[in-house]
Amino acid sequence: MTTKRIIVVVLLSIFFISLFAHVGIELSYASNKPPSPQTETGRVFRITINHGSTVYVSQEELQRLHSVQTAAVCAMLASFIGIGILKVSVRNIWN
């Protein structure tokens with residue numbers, strides 16, 4: 001396997017892992033967070049997630065969501081740019 005192929009596989013892996021992390025945290029919050037505020041647990045921050053679902057999260061959960069989303073988008077963008085810099089075409093990378 002050539003170095004270019006290894007780099008492309010690593011960059012594609014980073015892209016898809018980041019994508020799954022971004023989607024996964026949203027799906028997790030949509031299914032596990034309460035749809036109404038819970039002052040006793042600190043879940044008073046309203047967020048709209050997963051195509052319009054409204055849930056309430058704590059400050060810590062909100063920070064975690066934003067951190068994961070930001071890191072995932074940055075990693076996806078970096079991997080996409082990296083593959084673009086390598087000027088990869090589907091025809092010539094696997095030949």
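Where does histidine 51 lie? Histidine 51 has its place in the loop between S1 and S2, where helices (H or I, at least four residues) and strands (E, at least two) are DSSP runs, numbered from the N terminus. The model is predicted, and local features need pLDDT of at least 70, side-chain atom pairs count only at pLDDT 80 or more, and totals for chains, interfaces and linings use all residues. Residues are numbered from 1 along each chain as its sequence is written, and side-chain values use heavy atoms, with hydrogens and water left out.

Strand S1 (residues 45-49) and strand S2 (residues 53-57) run antiparallel and are joined by 5 bridges; two strands pair if DSSP finds at least two bridges between them. Isoleucine 47 has valine 55 in S2 as its bridge partner. Between the two strands of the hairpin there are 3 residues. Asparagine 50, in the loop between S1 and S2, has a positive phi of about 50° although it is not a glycine. Histidine 51 is likewise not a glycine and has a positive phi of about 60°.

Asparagine 50 is partly exposed, because its relative accessible area is 25%. Histidine 51 has a relative accessible area of 83% and is therefore exposed. Histidine 51 and glutamate 26 are 25 residues apart in sequence, and their C-alpha atoms are 9.6 Å apart in space.

Glutamate 26 is one of the buried residues of H1, a list that also has Arg5, Val8, Leu11, Ser18, His22, Ile25 and Tyr29. Helix H1 has 30 residues and reaches 42 Å from its first C-alpha to its last, close to the 44 Å expected at 1.5 Å a residue. The expected span of a helix is 1.5 Å times one less than its number of residues.

H1 also contains isoleucine 14. Isoleucine 14 has a relative accessible area of 35%, so it is partly exposed. Together with Ile6 and Val10, Ile14 makes a nonpolar surface patch of about 230 Å². Patches are made of residues with over 30% relative accessible area and no salt bridge: like charges are joined within 9 Å, nonpolar side chains (Val, Leu, Ile, Met, Phe, Trp, Tyr) within 5 Å. Accessible areas come from the Shrake-Rupley method with a 1.4 Å probe, and for residues only the protein chains shown count as cover.

How many salt bridges does the structure hold? The structure holds 3 salt bridges, each being a side-chain nitrogen of Lys or Arg within 4 Å of a carboxyl oxygen of Asp or Glu. Side chains of opposite charge can pair when their charged atoms come close.

Glutamate 61 forms a salt bridge with lysine 33, with the closest N and O atoms 3.0 Å apart. Glutamate 61 lies in helix H2 (residues 59-85) and lysine 33 in the loop between helix H1 (3-32) and S1, so the pair ties together parts that are 28 residues apart in sequence. Both lysine 33 and glutamate 61 are buried; glutamate 61 counts as buried because its relative accessibility is 8%.

Glutamate 61 also forms a salt bridge with arginine 43, the closest N and O atoms being 2.7 Å apart. This pair links distant parts of the chain, with glutamate 61 in helix H2 and arginine 43 in the loop between H1 and S1, 18 residues apart.

Another salt bridge joins arginine 64 to glutamate 60, with 2.9 Å between the closest N and O atoms. Arginine 64 and glutamate 60 are 4 residues apart in helix H2, so about one helical turn separates them. An α-helix has 3.6 residues a turn, so residues three or four places apart point the same way. Arginine 64 counts as partly exposed because its relative accessibility is 37%, whereas glutamate 60 is exposed, with a relative accessible area of 57%.

Helix H2 also contains glycine 84. At 45% relative accessibility, glycine 84 counts as partly exposed. The C-alpha atoms of glycine 84 and glutamine 59 are separated by 37 Å, and the two residues are 25 residues apart along the chain.

Conventions: Buried < 20%, exposed > 50% of the residue type's maximum accessible area, 1.4 Å probe, protein only.
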